[in-house]
Amino acid sequence: MVPIDNLCTLAAIIVTHNINTNMKRVVIYARVSTVIQDYDRQVDELKDYAKRMNYEVVKVFCEKISGAKKVAERNALSELLNYVRNNKVDKVLIYECSRLSRRIVDFLQVIEELNEQKVSLYIHQNGLETLLEDGSVNPIASLVLGIIAQFNSMERSLIRSRMKSGYNHFRDNGGKVGRKTGYRKSQDDMREEYAEELRLLKKGISLRNVSKITHTSVNTLRKVRDLTIVG
């Protein structure tokens, strides 16, 4: 007869194996618009949700970039989609719709691609998933998410419209924008502000490549380059 302790051990191994086999593999995507913001709260809440649901978080993708940027311009989102294509993933967790994209075309494109890969998108704020348990498209979620995405896109357009209206109103009432008349940075100020750009230019790196590295416009770099000739 097999000792009872051995049977308990064997049962525990079988149960553990079944739990691990059935555990959903998920990835998290978090985004904020500016460098002064952080995505820690989004990630923490999504990790807490995954823990409650007994999901295995296999990867976390985060980036600081405007949600109005196209998918091709967003490194982390592009990496996520590539990861999903090449790895076993059951769900993608995001905090809210606007974190995925504020462009309705891109938003729906990402959802469509995930659906094709049989990967469900879970939106924490709305509690919606794009796929049902059998892997079919969730029609209610698709309808609601489409409406939310449309409102997100409209909201951005309204914000831009208000900003433009305020800008025009300011100018129409005598307000002046831009650099003050007669103001010009001294060469010493330029050298101090653009020390890194100067260092790269002196190494012979092209204007375009320096611009990519430092995110300084090519026009400004031309002025900085002239300092190397003068100084």
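**A walk from the pocket outwards**

Seven charged, two polar and two nonpolar residues make up the lining of the second largest pocket. Keep in mind as you look around that this is a predicted model. The space in that second largest pocket comes to about 170 Å³. Its charged lining residues include Lys24, Asp90, Lys91, Lys118, Glu129, Glu133 and Asp134.

Are Lys91 and Glu129 buried or exposed? Both are buried.

How many salt bridges are there by the rule used here? The count comes to nine. As a general point, side chains of opposite charge can pair when their charged atoms come close. The cut-off used here is a side-chain nitrogen of Lys or Arg within 4 Å of a carboxyl oxygen of Asp or Glu.

Arg74 and Glu63 give you another example, with their side chains meeting in a salt bridge at 3.6 Å, N to O. Glu63 belongs to strand β2, while Arg74 lies in the loop between β2 (56-64) and α3 (75-86), so the pair ties together parts 11 residues apart in sequence. Arg74 and Glu63 are also both buried.

Now try a pair within a single helix. Glu45 forms a salt bridge with Arg41, and the closest N and O atoms are 3.6 Å apart. Where do Glu45 and Arg41 lie? Both are in helix α2 (residues 40-52), four residues apart, which is about one turn of the helix. Glu45 has a relative accessibility of 28%, so it counts as partly exposed.

Follow the chain on from α2 and you reach Asn54, in the loop between α2 and β2. The backbone is worth checking here: phi of Asn54 is near 60 degrees, a positive value in a residue other than glycine. Asn54 is partly exposed, because its relative accessible area is 41%.

His215 also has a positive phi, about 65 degrees, although it is not a glycine. You'll find His215 in the loop between α9 and α10 (218-230). With 71% relative accessibility, His215 counts as exposed because the cut-off for that class is over 50%.

While you're in that part of the chain, look at Ser206, in the loop between α8 (195-202) and α9 (207-214). Its relative accessibility is 36%, so Ser206 counts as partly exposed. How far apart are Ser206 and Leu221 in space? From C-alpha to C-alpha the distance is 9.9 Å, and the two are 15 residues apart in sequence.

Last stop, the surface. Which residues form a nonpolar patch there? Leu143, Ile147 and Phe151 do, with about 320 Å² of accessible area together. Ile147 is part of helix α6 (residues 139-172). Ile147 counts as partly exposed because its relative accessibility is 43%.

Technical notes
Residues are numbered from 1 along each chain as its sequence is written. This is a predicted model: local features need pLDDT of at least 70, side-chain atom pairs count only at pLDDT 80 or more; totals for chains, interfaces and linings use all residues. Side-chain values use heavy atoms; hydrogens and water are left out. On a 1 Å grid over the protein atoms alone, a cavity is a set of points where a 1.4 Å probe fits but cannot get out, and a pocket is an open set with protein on both sides within 12 Å along at least five of seven lines; lining residues have an atom within 4 Å of a point. Grid points are joined across faces, edges and corners, and a volume is the space filled by probe spheres set on the points. Patches are made of residues with over 30% relative accessible area and no salt bridge: like charges are joined within 9 Å, nonpolar side chains (Val, Leu, Ile, Met, Phe, Trp, Tyr) within 5 Å. Accessible areas come from the Shrake-Rupley method with a 1.4 Å probe; for residues, only the protein chains shown count as cover. Helices (H or I, at least four residues) and strands (E, at least two) are DSSP runs, numbered from the N terminus. Buried means under 20% relative accessible area, exposed over 50%, partly exposed in between (1.4 Å probe, protein chains only).
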